[in-house]
Amino acid sequence: MSFSDAEKAAIVSMIGKVAANPGGYGSEALERLFLGFPQTKTYFNHIDVSHGSADVRTHGGKVLGALVEAAKHLDDMEGTLSQLSDLHAYNLMVDPGNFKLLSHCILVVLACHFPAEFDACTHAAFDKYLAVVSAILTSKYR
Ligand code: HEM
């Protein structure tokens, strides 16, 4: 799936804000995920998922850091996300339905922090971006 120039501009602009604090926004998104959809915690038995946990901040930083990185390659997201796609499909085997839940939580966090920038066009573009990332990360399931 490709992005229009307007979508690319909106994604790059929003991701620039995420890049300033991936651990902060990432941990908020994960905390929302664990609170709103507690079944998702089953994938994280090996880390401390309590409120304010350093583990959650570290993992949140990795997840949003991967989004920051992938946004630098909007014309080759498959290549950029290939290793993560292998990891989620072959090692972690995360149920694909969970990607919609996490994407929703990421959108909510961004909307809360950047209400002025998060207009309808940016919302739609970032939603599409997360859907493309999710499609790639779940593309190798067998
Ligand atoms: C690991 C990104 C969705 C569960 C990771 C890592 C990244 C990442 C960057 C670390 C890889 C490494 O350390 O080499 C993403 C992105 C997602 C996504 C960008 C979608 C936007 C999900 C979902 C779940 C999940 C929906 C489950 C609810 C995990 C688990 C690990 C992991 C369990 C391993 C954690 C660990 O052992 O440290 N993911 N992920 N991921 N992800 Fe995802």
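Predicted model: local features only at pLDDT ≥ 70, side-chain atom pairs only at ≥ 80, totals over all residues.
So, over residues 2-142, what percentage of the chain is helix, and what percentage is strand? Over that stretch the chain is 68% helix and 0% strand.

Okay, the ligand. There are 20 residues around the ligand, and the closest ones are Y43, K62, A66, N98 and L102. The elements giving two or more residues to that shell are helix 3, at 54-70, helix 5, at 82-92, helix 6, at 97-113, and helix 7, at 120-137. Which of them gives the largest share? That would be helix 3, with 5 residues. If you sort the shell by class, you get 14 nonpolar, 5 polar and 1 charged residues.

Now, how the helices pack. In general, a pair of packed helices is described by two things, the angle between the axes and the distance between them.

Let's take helix 2, residues 22-36, against helix 3. Their axes are 7 Å apart, and the packing angle is about 110 degrees. An angle from 65 to 115 counts as roughly perpendicular, so helix 2 and helix 3 are roughly perpendicular to each other. On the helix 2 side the contact includes P22, G23, Y25, G26 and S27, and on the helix 3 side it includes H59, G60, G61 and G65. By class, this contact has 8 nonpolar, 7 polar and 2 charged residues.

Helix 2 also packs on helix 6. Here the axes come within 8 Å and cross at roughly 125 degrees, which makes helix 2 oblique to helix 6. The crossing is right-handed. From helix 2 we have Y25, E28, A29, R32, L33 and G36, and they meet L101, L102, C105, I106, V108, V109 and H113 in helix 6. This contact divides into 9 nonpolar, 2 polar and 2 charged residues. Notice a couple of names coming back: Y25 and A29 in helix 2 are among the residues that meet helix 3, and L102 is one of the closest residues to the ligand.

Last pair: helix 1, residues 5-18, and helix 7. Is helix 1 roughly perpendicular or oblique to helix 7? The axes come within 9 Å and cross at roughly 85 degrees, and that makes helix 1 roughly perpendicular to helix 7. A6, E7, A10, I11 and M14 in helix 1 meet C121, T122, A125, F126, K128 and Y129 in helix 7. The split by class for this one is 8 nonpolar, 1 polar and 2 charged.

That's my tour, thanks.

Methods:
Residues numbered from 1 in each chain as written. Near = placed C-beta within 6 Å. Helix = DSSP H or I, 4+ residues; strand = E, 2+ residues; numbered from the N terminus. Nonpolar A, V, L, I, M, F, W, Y, C, P; charged D, E, K, R; others polar. Axes fitted to C-alpha atoms, helices over the stretch in contact; angles between N-to-C directions. Parallel < 35°, antiparallel > 145°, perpendicular 65-115°, else oblique. Contact = placed C-beta atoms within 7 Å. Left-handed = near helix turned anticlockwise from the far one by under 90°.
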